[in-house]
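Have the model open in your viewer, with secondary structure displayed. The stops below follow one another; select each item as it comes up.

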Amino acid sequence: MTAAAIKFSGVTCRYGRRTAVDGVDLDVAAGEHVALTGANGSGKTTLLRAALGLHPVTSGSITVGGRPAATHGEWARRRRDVAWVPQRLAPGRFPLLVDELLDSGGNPVAARTAATRLDVAGLGGRPLHTLSGGQLQRVFLARALGAVAAGARALFADEPTAALDFHGQEQVAALLAALPVTVVVVSHDRAMSRACDRVAEMAAGKLRLV
Ligand SMILES: Nc1ncnc2c1ncn2[C@@H]1O[C@H](COP(=O)(O)OP(=O)(O)OP(=O)(O)O)[C@@H](O)[C@H]1O
């Protein structure tokens, strides 16, 4: 597995007439770990979702390992290349079970090993919407670690420790720090920022390096 460089060039995203991400340029080197911080509503989630094709880019471009994504096949590859830990469960999803989610990352054995490490191994038969916030974050992370084992070259995580207890925050920061892939993690958690190589801060849709 080789880590992938990620390049955001002049990325602008809108919700209707509201600009959420405003001309963001960010180069993340292969294997680098970047913490993305900034006030609530400053555009962090939108920026990562845009890189995964979950929100449209109004202008600019995002490449992973030098590859843009435009066609259906290219987006499918992008989602294999970038493991994703979302902030919360998307509304309106059918009642997926924990085991089904873990298996969907591409390496069920690695995902279940990660689930054991993250203390959620016993939840396999439960529908996702019945989990607590912290349990759900651990399950999403276990799935993403399965995706990395299956060959993902980067991992994006959106506030993966927000619902975790103090021990969980330290555990997840250490786990992400040890990953040999490129990591971009949205976090308000200082332990996570310290564990990263670099901190980038967003303010009102724009990015500045700290
Ligand atoms: N579905 C949506 N429809 C309309 N506006 C949205 C939507 N999602 C986000 N926004 C707006 O886009 C802007 C950026 O939101 P985003 O969720 O990217 O911020 P964030 O930095 O991740 O915030 P937080 O730290 O609170 O998670 C905000 O002004 C927000 O209100």
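Two strands count as paired if DSSP finds at least two bridges between them. This is a predicted model.

**Stop 1: E5 and E6.** Select strand E5, residues 82-85. E5 pairs with E6 in the parallel sense, over four bridges. To see one of the pairings, pick Val-82: its bridge partner in E6 is Ala-154. Now show the side chains of E5. Val-82 and Trp-84 point one way, Ala-83 and Val-85 the other, and all are buried. In a regular strand, side chains alternate between the two faces of the sheet.

**Stop 2: E7.** Move to strand E7, residues 182-186. How many of its residues are buried? Five of the five are, and the strand is mostly covered. Colour its two faces separately. Thr-182, Val-184 and Val-186 lie on one side, Val-183 and Val-185 on the other, and both faces are covered.

Strand E6, residues 154-158, pairs with E7 in the parallel sense over five bridges. Strand E3, residues 33-38, also pairs with E7 in the parallel sense, over four bridges. Zoom in on Val-186. Leu-36 stands opposite Val-186, and Asp-158 has Val-186 as its bridge partner. Then trace the chain from E6 through helix H6, residues 166-177, to E7: this β-α-β crossover is right-handed.

**Stop 3: the antiparallel sheet.** Select E1, E2 and E4. They form an open sheet of three strands in the order E2-E1-E4, with antiparallel pairing. Strand E2 (18-28) and strand E4 (59-64) stand at the edges with a single partner strand each, so one side of each has no neighbour in the sheet. On average, neighbouring strands here are turned by 25° against each other, direction ignored. Strand E1, residues 6-15, pairs with E4 over five bridges in the antiparallel sense.

**Stop 4: helix H1.** Is H1 enclosed or open? Eight of the eight residues of H1 (residues 44-51) are buried, so the helix is largely enclosed by the rest of the structure. Among them are Lys-44, Leu-47, Leu-48 and Arg-49. Step just past the end of H1 to Gly-53, which takes a positive phi of about 80°.

**Stop 5: Thr-130.** Finish in the loop between helix H4 (108-117) and helix H5 (133-149), where Thr-130 sits. Is Thr-130 buried or exposed? Thr-130 has 12 other C-beta atoms within 10 Å, so it is exposed. Last, draw a distance from Thr-130 to Val-98. Their C-alpha atoms are 9.9 Å apart in space, and the two residues are 32 residues apart in sequence.

Note on methods
Residues are numbered from 1 along each chain as its sequence is written. This is a predicted model: local features need pLDDT of at least 70, side-chain atom pairs count only at pLDDT 80 or more; totals for chains, interfaces and linings use all residues. A residue is buried if 20 or more other C-beta atoms lie within 10 Å of its own, exposed if 12 or fewer, and partly exposed in between; C-beta atoms are placed from the backbone. Helices (H or I, at least four residues) and strands (E, at least two) are DSSP runs, numbered from the N terminus. A crossover is right-handed if, with the strands pointing away from the viewer, the path from the first strand over the helix to the second runs clockwise. Axes are lines fitted to C-alpha atoms, for helices over the stretch in contact, and angles run from 0 to 180 degrees between N-to-C directions.
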